[in-house]
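Here is a short report on one protein chain. Keep the structure open while reading.

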Amino acid sequence: MKPTWIILILLALTPCVFATEDIVLRRDDRNIHLSGDVVVEASDGGVLMLTADGFLWAIQPQELLTRETSRLPFKPHDARALSEQLLSELPADFEIHKTIHYLVCHNTSRPYAQWCGSLYERLYRVFHNYWKRRGFTLHEPNFPLVAIVFKDQRSYEQYAASELGDATQSIIGYYSLHTNRVTMYDLTGLESLRAQGRSNLSTREINSLLVGPETERTVATIIHEATHQIAFNCGMHQRFADIPLWLSEGMAMYFEVPDLTSSRGWRNIGAVNRVRLSEFQARLTTRIPGSMQELIQDDSFFKDANLARAAYPESWALAYFLIRSRPQQFLAYLQTLSHKQPLGSDSANERLMDFRSAFGQNLEQFENTFLRHASRLR
Ligand SMILES: [Zn+2]
């Protein structure tokens, strides 16, 4: 008889293969056919389905028309299959620039797409190394990471309107938990130079144009959205899990800080985010004491445009304080959040409990220490 450990090792080496399911759902007056892996079955009959292109579909029970198990195993698209799908979906002038982890789909100039691709890869490497050194090892993504870059605002808005609705004009780039893609447009104005006849800008010329205060928000937006994408694809958070918004936004703003002294536009991590700091400090005099608890316990501050203007900078300041001054506790908190399952929903009490178990019971005292720290930042 074979010893048990051999069987255990064999079991551990057997790759997880999920059977595909075929689903037909009814949404917006049309039938949608999907094949994929059902990752969550909600108790009310709803399901969360992952399709081979990396989309996650949250399907309500009343939308579900049919559901059948197929004989085929579930297999995520590789870069080639995903590229084919993207090119068939996007307008005809789109091309794909492939890097190790990314598919940059663009109708911009090739040098601009290459500049984006190298920025993405640099962030990917730095983000993984940064957390590994602090004890959180992230994994490779299950899908190639997709970034769609439009050459101008008009074509971006046409594409994004179906996802963003009325907010399209005020959002210059976004990461979608549903499609798993980052979408944005060229914010530098380089592409309009190209439209004026400068069609052969070299990478060097682009780099020199991309150093300057006007590119600050461009770099910050690219890095911000890409940080969300990496965090949700490499094991820091699970998509559709109940991750506090102050944390995921604070994390993205911690990384977004551009470095305009570098010809590549972004290099350092953990520098003070000047834009967020001045927004935060400008609001300190009118800030309501004790409001940190509300920021932590639910996401309501982010759902009101006025309150969100204060919630973003405070989320950056809080993440900055925790990452720099409470690294071990912050790591424990991140680990707790990484185990949150898709479609879960935490009550205000559960959110506060997670926070208190990482950073201590006395929130009032904690808030005072945090504010002292943040008001001294320069
Ligand atoms: Zn964000």
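## Helices α7 and α8

Ile 223, His 224, Thr 227, His 228 and Ala 231 of α7 make contact with Ser 248, Met 251, Ala 252, Met 253 and Phe 255 of α8. This contact has six nonpolar residues, four polar ones and no charged ones. The model is predicted.

Two packed helices are described by the angle between their axes and the distance between the axes. Helix α7 covers residues 216-233 and helix α8 covers residues 245-255. They pack at an angle of about 125°, and their axes are 8 Å apart. Angles from 65 to 115 degrees count as roughly perpendicular and those over 145 as roughly antiparallel. The two helices are therefore oblique to each other. The crossing of α7 and α8 is right-handed.

## The loop between α7 and α8

Two residues of this loop deserve a look. Gly 235 lies in the loop between α7 and α8. How many C-beta neighbours does Gly 235 have inside 10 Å? There are 16, so Gly 235 counts as partly exposed. Gly 235 touches Leu 138, His 139 and Ser 338, leaving aside residues up to four places away in sequence. Phe 136 is 99 residues from Gly 235 in sequence. In space, their C-alpha atoms are 9.4 Å apart.

Phe 240 lies in the loop between α7 and α8. Its phi is near 70°, a positive value in a residue other than glycine. Most residues other than glycine have a negative phi. Phe 240 has 19 other C-beta atoms within 10 Å and is partly exposed. The cut-off for buried is 20 or more.

## Helices α12 and α15

Helix α12 (residues 305-325) packs with helix α15 (residues 363-376) at an angle of about 100°. Their axes are 10 Å apart. That makes α12 roughly perpendicular to α15. On the α12 side, the contact is made by Ala 317, Leu 318, Phe 321 and Ser 325. On the α15 side, it is made by Phe 370, His 373 and Ala 374. By class, the contact of α12 with α15 has five nonpolar, two polar and no charged residues.

The table puts the two pairs side by side.

| Helix pair | Angle | Axis distance |
|---|---|---|
| α7 and α8 | about 125° | 8 Å |
| α12 and α15 | about 100° | 10 Å |

## The five-stranded sheet

What is the order of the strands in the open sheet of five? The order is β6-β7-β8-β10-β9, with mixed pairing. β6 (95-98) and β9 are the edge strands, and each pairs on one side only. The twist averages 15° from one strand to the next.

Helices pack on this sheet. Helix α2 (residues 79-89) touches β6, β7 (102-106) and β8. The direction of α2 makes about 20° with that of β7. Helix α3 (residues 110-133) lies across β6, β7 and β8. It runs at about 150° to β7.

Strand β10 spans residues 181-185, and five of its five residues are buried. Arg 181, Thr 183 and Tyr 185 point one way from the strand. Val 182 and Met 184 point the other way.

Strand β8 (residues 145-150) pairs with β10 in the parallel sense over five bridges. Val 146 stands opposite Arg 181. Phe 150 has Tyr 185 as its bridge partner in β10.

Strand β9 (residues 173-175) runs antiparallel to β10, and three bridges join the two. Tyr 174 has Thr 183 as its bridge partner in β10. β9 and β10 form a hairpin with five residues between them.

Asn 180 is in the loop between β9 and β10. Phi of Asn 180 is near 70°, a positive value in a residue other than glycine. Is Asn 180 buried or exposed? Asn 180 has 22 other C-beta atoms within 10 Å, so it is buried.

## The whole chain

The protein chain has 15 helices and 10 strands. Of its 378 residues, 31% are buried. Among contacts with a separation of 6 or more, 67% come from residues 24 or more positions apart.

Definitions and conventions
Residues are numbered from 1 along each chain as its sequence is written. This is a predicted model: local features need pLDDT of at least 70, side-chain atom pairs count only at pLDDT 80 or more; totals for chains, interfaces and linings use all residues. Axes are lines fitted to C-alpha atoms, for helices over the stretch in contact, and angles run from 0 to 180 degrees between N-to-C directions. Helices (H or I, at least four residues) and strands (E, at least two) are DSSP runs, numbered from the N terminus. Angles under 35 degrees count as roughly parallel, over 145 as roughly antiparallel, 65 to 115 as roughly perpendicular and the rest as oblique. A crossing is left-handed if the near helix is turned anticlockwise from the far one by less than a right angle, and right-handed if clockwise. Two residues are in contact if their C-beta atoms, placed from the backbone, lie within 7 Å. Ala, Val, Leu, Ile, Met, Phe, Trp, Tyr, Cys and Pro count as nonpolar, Asp, Glu, Lys and Arg as charged, and the others, Gly among them, as polar. A residue is buried if 20 or more other C-beta atoms lie within 10 Å of its own, exposed if 12 or fewer, and partly exposed in between; C-beta atoms are placed from the backbone. Two strands pair if DSSP finds at least two bridges between them.
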